[in-house]
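Work through the exercises below on salt bridges. Each task is followed by a stepwise solution.

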Amino acid sequence: IFFGWLLLEILYIFEKSEFKRDRSGLCMGSLSPDRWNKMNVAFAKAPFQYDAVIEHIRFAARKFGCENDLVHTPAELRRSEEVLLHRLNTVQQKAANQDCVDGHQHLRCAEYQFVIHCLFIQMFMNRQERITLENIDALEASAKKCLSYFGTWRQAHLNRRQAVLREGLDHKKQFLSPITYANLRITIRGFFCYARLILNSPDPPSYVPFLHSNTSSLESHFSQTRAMNADTPKRYGTAVSVIDANKARIHINCSKSYSAEDMEGENNISASSFERFSCRKDTFREAQVTEWLKNAQKRGHQLIPRMSNRLT
């Protein structure tokens, strides 16, 4: 069963014709973004928000004639992902013995939206979600379960490789690119390792916000290093010593690509605990670099020493 972006466009057109409004929260800025809208975080998140996922599940249920089965949701289900999973399972059970290809395509797309919703909307892009020593095991288990979805998909993709090639289709476009898949796993698993390290350090903070993994200032930092042509091991250290992080944050606040809601949590995060742990506070860093340069001048060395290509 294949699915793609076209299915969300079909959902959007159906809502406009049936209800005269977009109950899913989808818009053309999300479905057919221009070069400017591609940088808009709100548009990027829209297909994976609760309303978009719930409406796509309902749309798939209509294909299988089981929309009425979604009316009643058990009262004990409080969290959004619990409600979505309950309704998704209901439709999956009804669809198991039906051959409606169109319905199965929309159902697969809704499953993908649900997984992204759980990983990013509820965790990694949620400014209110925090990791503590008490909940880190449960959160990591939930993230691993979401990653298993991609693992199962990849295995099925590899198993069908020869058949897909015989059909003359592009095998590479039927799964995430190898780089995207690797980055997804490294980012998620690596962040939980980072959180455990912080929470188990001397004088640890009471929690680690998920925004530490996905901040606009972090994105700006790497954009600056790329703009300086310093995104290599050989040049990165020099770039880090001269980047003005506070000035970059001020410019981000003025950007139309980030909503006030997205920036609010980031601006209010205190980095003092992380700075104490990592010794990377801006003032400390600047003083350290100044001291290195002075010592180098006294010894008659180059101001910017040559760095080895080899990481140590």
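**Exercise 1.** In this predicted model, find the distance between the closest N and O atoms of Asp137 and Arg196, and state which helices the two residues lie in.

Solution. 
- Step 1: The closest N and O atoms of Asp137 and Arg196 are 2.8 Å apart. The cut-off is 4 Å, and the pair forms a salt bridge.
- Step 2: Asp137 belongs to helix α7 (residues 136-159), while Arg196 belongs to helix α9 (residues 178-199).
- Step 3: The pair therefore ties together parts that are 59 residues apart in sequence.

**Exercise 2.** Which parts does the salt bridge between Glu140 and Arg196 tie together, and is each residue buried, partly exposed or exposed?

Solution. 
- Step 1: An N to O distance of 2.7 Å goes with the salt bridge between the side chains of Glu140 and Arg196.
- Step 2: Buried means under 20% relative accessible area. Glu140 has 10% relative accessibility and therefore counts as buried.
- Step 3: Arg196, at 30% relative accessibility, counts as partly exposed.

**Exercise 3.** Classify the accessibility of Glu67 and of Arg62, and give the distance between their closest N and O atoms.

Solution. 
- Step 1: Glu67 has 26% relative accessibility, so Glu67 counts as partly exposed.
- Step 2: Arg62 has 36% relative accessibility, so Arg62 also counts as partly exposed.
- Step 3: Glu67 and Arg62 form a salt bridge in which the closest N and O atoms are 3.4 Å apart.

**Exercise 4.** How many salt bridges does a search of the whole structure find?

Solution. 
- The search finds eight salt bridges.

How values were computed:
Residues numbered from 1 in each chain as written. Predicted model: local features only at pLDDT ≥ 70, side-chain atom pairs only at ≥ 80, totals over all residues. Heavy atoms only, no water. Buried < 20%, exposed > 50% of the residue type's maximum accessible area, 1.4 Å probe, protein only. Helix = DSSP H or I, 4+ residues; strand = E, 2+ residues; numbered from the N terminus.
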